[in-house]
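Please examine the structure shown below, together with its sequence.

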Amino acid sequence: GGAANAGGKDGKHRSRRKKISSDGGGGGAHENDSSLSEAKIEDRLKIRTLILEGDIAAAKALMSDCFDGIFRQNSALSFNLDLQHFVELMRDHDVEAALTFARKELARHGNELSEQENERLLSAMGLVAYDDVSASPASHLLDRKHRDDLAALVNSEVMGYLGISRTSRLERVFQQLMAAQAMLAGEN
């Protein structure tokens, strides 16, 4: 009985994903479609958790599965995830795997990188020169904050891809509150 239910649930989940894909990717989901939004919230939370845990490969695979075409539309997002994957391999002191990954995956981004992205890539590659990566000038890439920032960026990009506002209602209310407070302070 339980396996049939699980299969049925997966089937429903897949049909929601197909709806997004058949709409051409971005913009297929709307905030008023609650069942679709709930599924996408679950997917976004799973992706966030994977990024925060440092499992970038699994996060990227889940994104490809859930949000078909997102990396074709946003190569910078793909680069950011690939760069973090390289950093995670270096965190684990797996230099050989990191170099192989850099040759196969990071090299694909070479011609399309902005100057800033190229600088970030070079900085991350500097981790290879240190037996103790925490002693590297690029050790800030190992900080928890870097994973947090990447998770927030990914969530924002996924929301944009789905046609959902990149800022939450709470953030918009807070921004309005800050603007009103600034106006009131200017009147005094």
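The explanation begins with the basis of the model and then turns to a helix pair and a cavity.

The model is predicted: local features need pLDDT of at least 70 and side-chain atom pairs count only at pLDDT 80 or more, while totals for chains, interfaces and linings use all residues. Residues are numbered from 1 along each chain as its sequence is written, and side-chain values use heavy atoms, without hydrogens and water.

Two packed helices are described by the angle and the distance between their axes. Helix α5 (residues 75–91) and helix α6 (residues 95–104) pack at about 165°, and their axes lie 8 Å apart. The two are therefore roughly antiparallel, a term for angles over 145 degrees. The contact (heavy atoms within 4.5 Å) is made by D82, H85, F86, L89 and M90 of α5 and by V95, A97, A98, L99, F101 and A102 of α6. By class, this contact has nine nonpolar residues, one polar and one charged; Asp, Glu, Lys and Arg count as charged, Ala, Val, Leu, Ile, Met, Phe, Trp, Tyr, Cys and Pro as nonpolar, and the others as polar.

A cavity is a set of points on a 1 Å grid where a 1.4 Å probe fits but cannot get out, and its lining residues have an atom within 4 Å of a point. The count comes to one cavity of 30 Å³ or more, and the largest cavity has a volume of about 40 Å³. R44, I47, R48, A151, V154, N155 and V158 line the largest cavity. The largest share of this lining, four residues, comes from α8. The lining divides into four nonpolar residues, one polar and two charged.

Notes. Axes fitted to C-alpha atoms, helices over the stretch in contact; angles between N-to-C directions. Parallel < 35°, antiparallel > 145°, perpendicular 65-115°, else oblique. 1 Å grid on protein atoms, 1.4 Å probe; cavity = no way out; pocket = protein on both sides within 12 Å on 5 of 7 lines; lining within 4 Å. Points joined across faces, edges and corners; volume = space filled by probe spheres on them.
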